[in-house]
Amino acid sequence: MSLFLINLLLAIAWAAVSASFTLANLIFGFILSAVALYLIREQVGYVGYLTRSWRVISLAALFVYELILSAWRVTTLVLSPRMKVSPGIFAYPMKVDRDGEITLLANLITLTPGTLSVDVSDDRRTLYVHAIDCSDVDQTRADIAEGFERKILEAFR
Amino acid sequence: MILEAQNYISGFLIVIGAAFALVAAIGVIRLPDIYSRMHAASKAGTVGSGAMLIALAVVSDDPATTLRALAAVAFVMLTAPVSAHLLAKAAYAVGYKLWSKSVLDEMPKNQSTGRKQSP
Amino acid sequence: MSAGEHFRDFAELIALVLLCMSFLVTVFRFVVGPTLPDRVLALDLLVTVAIGFLAVIGIRTGFTLYLDIAIALGLVGFLATVALARFILSRGPAGETSIEEDSQPEAGSTK
């Protein structure tokens with residue numbers, strides 16, 4: 001995280017030196033300082049920072065993709081003349097246990113196809129998820145475990 | 001040339017977003033119970049208004065406006081699941097039942113949800 | 001006016017019509033909606049659609065001030081939904097137990 005701050009500081013320094021605080025110039029400065037940090041990666045332990053930020057970016061990309069997919073699924077479901085829904089609530093055993101990660105996982109589950117998180121059990125091990133199509137619960141559980149939970153663990157551990 | 005592309009992209013995004021908003025509204029009408037309706041409202045509605053805000057970001061010439069529009073998109077995407085989650089939790093805790101044709105309910109009956117205030 | 005501006009103008013008109021239709025449909029659920037959570041959900045969706053509506057109006061008029069109004073509306077709508085959820089929690093069912101008036105008591109919760 002301190003490397004991120006250094007990166008940000010260098011970006012601001014770049015904007016100050018080049019005397020234009022526009023958005024595009026700040027982004028350019030950020031990329032430039034990331035490259036500069038990459039050049040001295042041996043000294044500052046940059047390798048972990050790079051892979052971690054790559055994982056956060058890939059989590060965000062997966063999230064946007066799943067959000068658009070889920071909106072499309074809702075569209076086809078709602079506009080089909082004969083709606084085939086079999087809703088239900090299933091329990092999902094979580095591997096993540098920190099508060100922030102649980103919040104992130106619950107939010108991501110809510111915005112992904114056909115699932116909506118309803119509640120967390122008191123011992124914070126189980127997430128209760130409402131699914132609009134409960135015909136294959138094990139497949140849904142496996143999707144969450146292989147998709148989001150694994151990405152979250154990769155990005156924040 | 002760039003302005004033309006801006007116009008086409010934003011027009012396209014506006015229509016897509018409005019169509020998703022309409023889908024969310026129709027879903028809220030057609031789906032059988034409150035929990036299924038939340039799916040339509042939280043997903044299609046978020047994508048709909050998000051697409052229209054991105055269209056505003058694309059069409060504006062001012063970087064500050066673009067940044068604010070993108071911040072608004074992030075804000076909508078952060079708050080929509082939280083409010084849907086809270087509403088589902090409150091409805092379930094109070095005892096609004098699932099649709100009678102629901103296939104599964106693995107939630108324990110005595111699951112305590114939040115603090116129950118005395119009326 | 002160039003071809004792109006014509007296209008955008010037309011797209012704005014279509015979008016405004018679609019958004020008005022979604023407002024009407026959501027208001028229908030708000031009026032009918034058999035239980036309180038349904039009404040709160042309809043209100044939440046109204047706020048979400050209104051944010052998009054303000055974005056389209058902002059594009060159409062060129063006043064980016066509408067964007068600030070949209071952000072403020074999003075804040076107020078989020079807080080309203082949270083407060084109403086707490087209200088549902090504290091009020092209890094108050095007679096309305098099921099979404100459908102269905103006589104099966106615990107259907108679907110057998111497994």
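Trainee: What does Val25(C) touch, leaving out residues up to four places away in sequence?
Mentor: Val25(C) touches Ala25(B), Ile26(B) and Ile29(B) once those sequence neighbours are set aside. Keep in mind that this is a predicted model.

Trainee: Noted. Which helix is Val25(C) in?
Mentor: Val25(C) is found in H1 of chain C, which covers residues 3–32.

Trainee: And why does Val25(C) count as partly exposed?
Mentor: Because its relative accessible area is 23%, and partly exposed covers the range between under 20% for buried and over 50% for exposed.

Trainee: How far is Val25(C) from Phe7(C)?
Mentor: They are 18 residues apart in sequence, and in space the C-alpha to C-alpha distance is 27 Å.

Trainee: Switching to Asp44(C). Where does that one lie?
Mentor: Asp44(C) lies in helix H2 of chain C, residues 36–61.

Trainee: Is Asp44(C) buried or exposed?
Mentor: Asp44(C) is buried, and yet it has no salt bridge.

Trainee: Which side chain of opposite charge is nearest to Asp44(C)?
Mentor: That would be Lys43(B), 13 Å away. A salt bridge needs the nitrogen within 4 Å of a carboxyl oxygen.

Trainee: So what does Asp44(C) touch?
Mentor: Ser83(B) and Thr81(C), again not counting residues up to four places away in sequence.

Trainee: What about H2(C) itself, how many of its residues are buried?
Mentor: 21 of its 26 residues are buried, so the helix is mostly covered by the under 20% cut-off. From first C-alpha to last, H2(C) reaches 37 Å, close to the 38 Å expected at 1.5 Å a residue.

Trainee: What comes just after H2(C)?
Mentor: Gly62(C), which takes a positive phi of about 85°.

Trainee: OK, chain A now. Which residues make the nonpolar surface patch?
Mentor: Ile27(A), Ile31(A), Val35(A), Tyr38(A), Leu39(A) and Ile40(A) make it, and the patch is about 580 Å².

Trainee: Where is Val35(A) placed?
Mentor: Val35(A) is in helix H2 of chain A, residues 23–39.

Trainee: Which residues of H2(A) are buried, then?
Mentor: The buried ones are Asn25(A), Gly29(A), Ser33(A), Ala34(A) and Leu37(A).

Trainee: And what span does H2(A) reach?
Mentor: H2(A) has 17 residues and reaches 25 Å from its first C-alpha to its last, close to the 24 Å expected at 1.5 Å a residue.

Trainee: Let's zoom out. What secondary structure does chain B have?
Mentor: Chain B comes to three helices and one strand, and along the sequence the pattern is α-α-α-β.

Trainee: And chain C?
Mentor: Chain C has three helices and zero strands, which reads as α-α-α.

Trainee: How much of each chain counts as buried?
Mentor: For chain B it's 61% of 119 residues. For chain C it's 41% of 111 residues.

Trainee: Last one: what share of contacts joins residues at least 24 apart in chain B?
Mentor: In chain B, 61% of the contacts between residues at least 6 apart in sequence. For chain C, residues 24 or more positions apart account for 62% of contacts with a separation of 6 or more.

Technical notes
Residues numbered from 1 in each chain as written. Chains lettered and ligands numbered in written order. Predicted model: local features only at pLDDT ≥ 70, side-chain atom pairs only at ≥ 80, totals over all residues. Heavy atoms only, no water. Helix = DSSP H or I, 4+ residues; strand = E, 2+ residues; numbered from the N terminus. Buried < 20%, exposed > 50% of the residue type's maximum accessible area, 1.4 Å probe, protein only. Lys, Arg positive; Asp, Glu negative; His and termini not counted. Contact = heavy atoms within 4.5 Å. Patch = residues over 30% accessible without salt bridge, like charges linked within 9 Å, V, L, I, M, F, W, Y side chains within 5 Å. Areas by Shrake-Rupley, 256 points an atom, 1.4 Å probe, with all protein chains shown as cover. Expected span 1.5 Å × (residues − 1).
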